[in-house]
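Subject: Structure for you to look at

Hello,

Here is the structure I promised you. Please open it next to this email and follow along.

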Amino acid sequence: MSLNLTLILGFSLGLGLALILSSALAQRTESFADRIAPQLRSSELRNNRPLETYASLPEGIYGFLLSLTGPWLEKLMRLVGQANFDSSTLERRLEQLGSGLSLAEYRVQQMLWSLAGFLLSSLFVGLAMSQGKLGLLLGLLLVLSASLCGFVARDYWLGQQIKGRQKAMLAEFPALAELLALSVTAGESALGALERVVSCSQGELAQEFQVILSATRAGTPLVTALQDFSQRTDLAPLSRFVDGLVVAIERGTPLADVLRAQAQDVRDNAKRELMETAGKKEIGMMAPVVFLILPLTVVFALFPGLSLLNFQF
């Protein structure tokens with residue numbers, strides 16, 4: 001019983017400290033990302049909308065508890081909202097993944113992940129209970145929590161897969177845009193340029209171009225197939241690419257210069273992200289330098305002189 005009480009008290013202390021820290025972070029001043037959010041595209045603004053602030057709260061202990069738990073509750077609701085109980089939203093995300101995974105197959109995988117969490121937690125909880133180190137109520141709570149975490153973890157992994165695929169598509173886009181511009185400059189049409197690029201390239205974006213070509217061969221107009229591709233990927237550079245292609249097809253405007261400009265824009269954006277990441281890493285490296293490397297350097301510099309002075313340590 002003493003071990004269970006220690007676990008409960010430790011968990012309560014950690015949860016309280018985490019709530020206080022999250023409340024302090026939620027009430028800090030407006031960040032740079034929030035200041036430039038009104039200048040972003042509407043889709044990006046919806047995806048990156050900051051958490052609601054809790055300025056007008058009732059007074060007393062209820063308002064204090066709400067100010068502490070409010071950010072965590074809102075994050076929890078967003079996490080539950082991302083669990084894809086809506087089939088239409090889940091189907092759209094599976095289309096963004098581009099693996100051909102069906103809705104039923106994904107639900108089966110979610111249940112398998114949840115079952116794996118249930119079995120593993122049951123094994124460890126059973127061992128702990130057999131040794132008298134864990135109570136029945138706390139053991140059941142841990143098993144249910146592990147099952148829920150397995151269900152949510154599959155959705156989190158789906159989001160990570162989608163982000164990785166989108167990054168790969170953006171990394172491939174400048175080279176493929178240059179190939180398209182070269183093909184158009186050589187006299188190919190937009191559809192012919194896509195066919196030539198698909199025939200000599202591999203990758204996630206080339207697979208999407210293959211889907212566009214398959215749709216056009218099945219009778220879908222090229223403009224409609226391109227617009228479906230733009231809605232499916234939901235990436236700003238690719239949306240601008242589709243807009244340029246649609247304008248060129250419908251109005252006959254020059255396409256090569258537009259493609260080259262878009263490729264250069266993506267390269268510049270990648271450079272900016274790299275510089276931002278380097279700046280963040282530089283700040284993160286301050287802690288080990290100041291608290292680990294610098295003290296050792298001072299010790300190595302002072303110890304020979306102090307030893308000559310016969311200081312007793």
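Which residue forms a salt bridge with R196? The partner is E188, and the closest N and O atoms of the pair are 2.8 Å apart. R196 has 45% relative accessibility, so R196 counts as partly exposed. E188 has 28%, so E188 is partly exposed too.

Before you go further, note that this is a predicted model. Every value below is computed from that model.

**The overall picture**

The protein has 313 residues, and 28% of them count as buried. There are 13 helices and zero strands. Read along the sequence, the pattern is α-α-α-α-α-α-α-α-α-α-α-α-α. Take the contacts with a separation of 6 or more: 61% of them come from residues 24 or more positions apart. The accessible surface comes to about 20,900 Å². Carbon and sulfur atoms own 67% of that surface.

**Salt bridges**

How many salt bridges does the structure hold? The count is six. Now look at R165 and E208. Their closest N and O atoms are 2.7 Å apart, and the two form a salt bridge. This pair links distant parts of the chain: R165 is in helix α7, E208 is in helix α9, and 43 residues separate them.

Are R165 and E208 buried or exposed? R165 has a relative accessible area of 7%, so R165 is buried. E208 has 3% relative accessibility, so E208 counts as buried as well.

E208 has another partner. The side chains of E208 and R232 meet in a salt bridge, at 2.8 Å from N to O. E208 lies in helix α9 and R232 in helix α10, so the pair ties together parts that are 24 residues apart in sequence. R232 has a relative accessible area of 16%, so R232 is buried. Salt bridges that share partners join R165, E204, E208 and R232 into one network.

**Helix α8 and its cover**

Next, find helix α8, which spans residues 190-199. Its buried residues are A190, G192, A193, L194, V197 and V198. What covers these buried residues? The cover includes α7 (136-185), α9 (204-217), α10 (222-233) and α11 (236-251).

**Two helix pairs to compare**

Two packed helices are described by the angle between their axes and the distance between the axes.

Start with helix α5 (residues 87-97) and helix α6 (residues 103-130). They pack at an angle of about 95 degrees, and their axes are 10 Å apart. Angles of 65 to 115 degrees count as roughly perpendicular. The two helices α5 and α6 are therefore roughly perpendicular to each other. Where do they meet? On the α5 side you will find S87, L90, E91 and L94. On the α6 side are L103, Y106 and R107.

Now go to helix α12 (residues 256-284) and helix α13. Their angle is about 20 degrees, and their axes are 4 Å apart. Angles under 35 degrees count as roughly parallel. So α12 and α13 are roughly parallel to each other. E282, I283 and G284 in α12 meet M286, A287 and P288 in α13.

Which residues make the nonpolar surface patch of about 980 Å²? They are M285, M286, V289, V290, F291, L292, I293, L294, V298 and L302. V298 has 40% relative accessibility, so V298 counts as partly exposed.

P295 is also found in helix α13. P295 has a relative accessible area of 35%, so P295 is partly exposed. Leave out residues up to four places away in sequence, and P295 touches V289 and V290. Both of these are among the residues of the nonpolar patch.

**Where to begin**

Pick out the network of R165, E204, E208 and R232. Then turn to the patch that includes V298. Send me your questions as you go.

Best wishes

Terms used:
Residues numbered from 1 in each chain as written. Predicted model: local features only at pLDDT ≥ 70, side-chain atom pairs only at ≥ 80, totals over all residues. Heavy atoms only, no water. Patch = residues over 30% accessible without salt bridge, like charges linked within 9 Å, V, L, I, M, F, W, Y side chains within 5 Å. Areas by Shrake-Rupley, 256 points an atom, 1.4 Å probe, with all protein chains shown as cover. Salt bridge = Lys/Arg side-chain N within 4 Å of Asp/Glu carboxyl O. Buried < 20%, exposed > 50% of the residue type's maximum accessible area, 1.4 Å probe, protein only. Axes fitted to C-alpha atoms, helices over the stretch in contact; angles between N-to-C directions. Parallel < 35°, antiparallel > 145°, perpendicular 65-115°, else oblique. Contact = heavy atoms within 4.5 Å.
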